[in-house]
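Please work through the following exercises with the sequence and the model side by side, and try each task before reading its solution.

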Amino acid sequence: MFRQSCSRTFVLQCPPWLSVVLLCTASLLSTELKCTQGMQVMSTGLQTIQKAEGENVTLGCRYTTSPLDTGELDIEWSVISPDTTQKDQMLVSYTGGTKYVHSNHPFAKGLSFAARDPSVGDASLSIPLLSLAQSATYQCKVKKSPGVDTRKVTLVVMAKPSVPKCWVEGKELVSEAVSLHCKSAKGSTPLTYTWRREYADRIPAAATQNSVTGELKISNHSKSFAGIYLCEVNNAVGAERCRITLRANKPPNRAAVIVGTIVGSLLLIFILLVFIAILYWKLSNRHRYEKEFSNEIREDAPPPESRPVSRHTSQSTSQHPQVTYCQVGGTEENSFTEGFTQAPSSTPVKYDSKYGYAV
């Protein structure tokens, strides 16, 4: 009670000039406190940046210094290792008015400061032609003793989805099930598929679609579903689409199908029988021709050679009496054998004056 009354009395009795002095003193103290805060990185924006493969990106790092920061300016960009036990990898740095690129790291290829002179308060990093391997958490560290401040930015490089392929499963017959499919071969996940009808507000409620697999299923097809359909696939960095036409075909007449099947079967059987008959006729003619040809060969064959005469037969034949007529007095007479076979002679017959020719 006593303290409250005293305080109230002091406030009420405080002169106006003293209030002004107190306010000025408080303002000077707050200004001094702000000045002693030192180095500050002022860049704001997304802490996670998603970019498509092949694009360019600039990681912001603007800063301000304090009059109390009298040391040498030192700027460092590095990749934060996801493993806390591993050392962070330095990419580029600025020290003593000189820029350095630490090329021992694959991420450092093509990196540069966005500003020509990073000492003017802009230490932003420029990365051209992004690759999937450059997805990482980057840290900007600005130091000017005694002030120091940092900023981290996570860069996610993604592949745009490729142009999807659209196709129809089913015969597109009325009153039967049919489904449309859409699939992109390339692209960073997650990929989202969306079907819609061209020149129409929306897909009929009877059709169901799956945004993950890209399937549009129609359980009971009808003419109302016929038309041109568009499938769009997208992820965080791009989108592509494909187009397909869905038809509604009338189912074939079952009676005509049955008749056609029967006629076709009979025709096939007839063709098979004709083929068998032709084959049998060909084989019969070939067999008969081969038989006639073998008979002709037997008729035209020469008679077998005579057997050689045995020694006994030749001797008996040579012992038969023979009548031989020889030349007498210059007349020539023919020798012949009556009923006997002439024996072969290897030496000419000599004439004997006493007995004449040998008989």
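Helices (H or I, at least four residues) and strands (E, at least two) are DSSP runs, numbered from the N terminus. This is a predicted model, in which local features need pLDDT of at least 70 and side-chain atom pairs count only at pLDDT 80 or more, while totals for chains, interfaces and linings use all residues. Residues are numbered from 1 along each chain as its sequence is written, and side-chain values use heavy atoms, with hydrogens and water left out.

**Exercise 1. Is Glu-172, which has a positive phi, buried or exposed?**

Step 1. Although Glu-172 is not a glycine, its phi is positive, at about 60 degrees, and the residue lies in the loop between strand S12 (165-169) and S13.

Step 2. Buried means under 20% relative accessible area, exposed over 50%, and partly exposed in between (1.4 Å probe, protein chains only). Glu-172 therefore counts as buried, because its relative accessibility is 14%.

Step 3. Ser-175, in the loop between S12 and S13, also has a positive phi, of about 75 degrees, without being a glycine, but Ser-175 is exposed because its relative accessible area is 55%.

**Exercise 2. Describe the largest nonpolar core and name the residues that touch the most other members.**

Step 1. A nonpolar core is a set of buried Ala, Val, Leu, Ile, Met, Phe, Trp, Tyr and Cys residues joined through side-chain atoms within 4.5 Å.

Step 2. The largest such core has 29 residues, of which Leu-59, Trp-77, Ile-127, Tyr-138 and Val-142 touch the most other members. Strands S3 (57-59), S5 (74-80), S6 (89-95), S9 (125-127), S10 (136-144) and S11 (147-158) each give two or more residues to this core, and S10 supplies the largest share, four residues.

Step 3. Counting a contact as heavy atoms within 4.5 Å, and leaving out residues up to four places away in sequence, Tyr-138 touches residues including Leu-59, Trp-77, Phe-107, Ile-127 and Arg-151. Apart from this core lies another, of 18 residues, among them Cys-166, Tyr-229, Cys-231 and Val-233.
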